[in-house]
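Morning, everyone. Please put the structure up on the screen, and I will walk you through it.

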Amino acid sequence: MISAAVPPRPVGASGRVIAALGVLAAALVVAFVVAPPALTADRAGGIVDRRDLSEALRAAFVAYWRSGDRDLSPDLARVVDYWSRYHLVKAVLAALLLTVLVALGFRLARAFVTTGGLGAGKRAALAAAGVLVAVLAPFSLAMVMANVQGAVAPFASLLPMLTEGVTDADLADTLTQVEQGLAESGGTGGSSSPALDLMIDDFSWYHEAMAGTAAVVAVVLVATSVLAWRRFAATRPARKRQVLAAYGLLSALLLLPAVALAVANATTAADPAPALLAFFQGGW
């Protein structure tokens, strides 16, 4: 947060740092989109783009299901490992972007509070930039959470690709067998298929990962909001109070979906089979 004892800094120096952080954030946005496929492509395995991934996944999953084994087949394991690496790269880039956006937000707030002699237009520009950062930072946080989830539970993360636009008869028959196995298990998670048991376990872990991540985020948001409102109550300068109030309000607003995510995913993780059945039936 901003200390009341910090003297104003030169506008030029502060502006250069803000501009540099803005350029870095833009570069990270581009990297988040284009870098993961380039960095994680499995050319030896023929997985270069999403189409290759989908085709490899579907062929490997049909063979895996027919094998009756719990352990992933080599072909399916290769696809799952690729998907884990892909999400890991995206999670790192999203985390870097979030870090830069937080630093940029603090710099903008500092400039708004401590820089004197600015006209109304420049103050409005600083405020608008702060609002933009406040919008992008939660999005980056969501990307971190989603990609951490995909990195630690890549098999479950791949399941939507199995059910999108199914035209292959073998895949359609396999998915029907999966759905029947889940229905016959009665939602207890116990089945006669080792492969299905693994799918249920991984689906549970997939939701446990998001529940844990969301719980950590919720704790951080509570601490941030409490600290911001305490400092708001002890602060007199109007601009600084505005910034602290914005921090406190944004943290409180983000806390609601974080708690909802933690509770919903923990509930699903505790009883994953019905949710997995609903997914294959098109209800998730």
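This is a predicted model: local features need pLDDT of at least 70, side-chain atom pairs count only at pLDDT 80 or more; totals for chains, interfaces and linings use all residues.

**A buried arginine and its surroundings**

Let's start with Arg58. Arg58 is buried, yet has no salt bridge. The nearest side chain of opposite charge belongs to Glu164, and that is 5.3 Å away.

Arg58 itself sits in helix H2. Setting aside neighbours within four places in sequence, Arg58 is in contact with residues including Met161, Leu162, Gly165 and Leu171.

Now the nonpolar core. The largest one has 38 residues. Which of them touch the most other members? Phe61, Phe155, Leu159, Met199, Leu276 and Phe280. Six helices each supply at least two residues: H2, H3, H5, H6, H7 and H9. Take Phe61: beyond four places in sequence, its partners include Leu76, Phe155, Val178 and Met199. Another core lies apart from this one, with 24 residues, among them Ala25 and Val243.

On to H9. Is it mostly covered or mostly open? Mostly covered: seven of its nine residues are buried. Leu276 and Phe280 are among those buried residues. The cover includes H5, H6, H7 and H8. After H9 comes Gly282, with a positive phi near 85 degrees.

Next, salt bridges. How many does the structure hold? Four.

First on my list, Arg78 with Asp42, at 2.8 Å, N to O. Arg78 is in H3, Asp42 is in the loop between H1 and H2, and they are 36 residues apart. Asp42 counts as buried at 11% relative accessibility, while Arg78 is partly exposed at 39%.

Next, Arg66 with Asp170, whose closest N and O atoms are 3.3 Å apart. Arg66 lies in H2 and Asp170 in H6, so the pair ties together parts 104 residues apart in sequence. Arg66 is exposed, at 54%.

Then Asp201 with Arg70, at 2.8 Å, N to O. Asp201 lies in H7 and Arg70 in the loop between H2 and H3, so this pair ties together parts 131 residues apart in sequence.

Last, the record. An unreviewed UniProt entry annotates residues 91-113, 125-146, 209-232 and 244-264 as "transmembrane region". In the model, residues 125-146 are 100% helix, with end C-alpha atoms 32 Å apart. Residues 209-232 are also 100% helix, and there the ends are 34 Å apart.

Conventions. Residues are numbered from 1 along each chain as its sequence is written. Side-chain values use heavy atoms; hydrogens and water are left out. A nonpolar core is a set of buried Ala, Val, Leu, Ile, Met, Phe, Trp, Tyr and Cys residues joined through side-chain atoms within 4.5 Å. Buried means under 20% relative accessible area, exposed over 50%, partly exposed in between (1.4 Å probe, protein chains only). Helices (H or I, at least four residues) and strands (E, at least two) are DSSP runs, numbered from the N terminus. Contact means heavy atoms within 4.5 Å. UniProt positions are given in the numbering used here, feature names are shortened, and annotations may be inferred rather than shown by experiment. Lys and Arg count as positive and Asp and Glu as negative; His and the chain ends are not counted.
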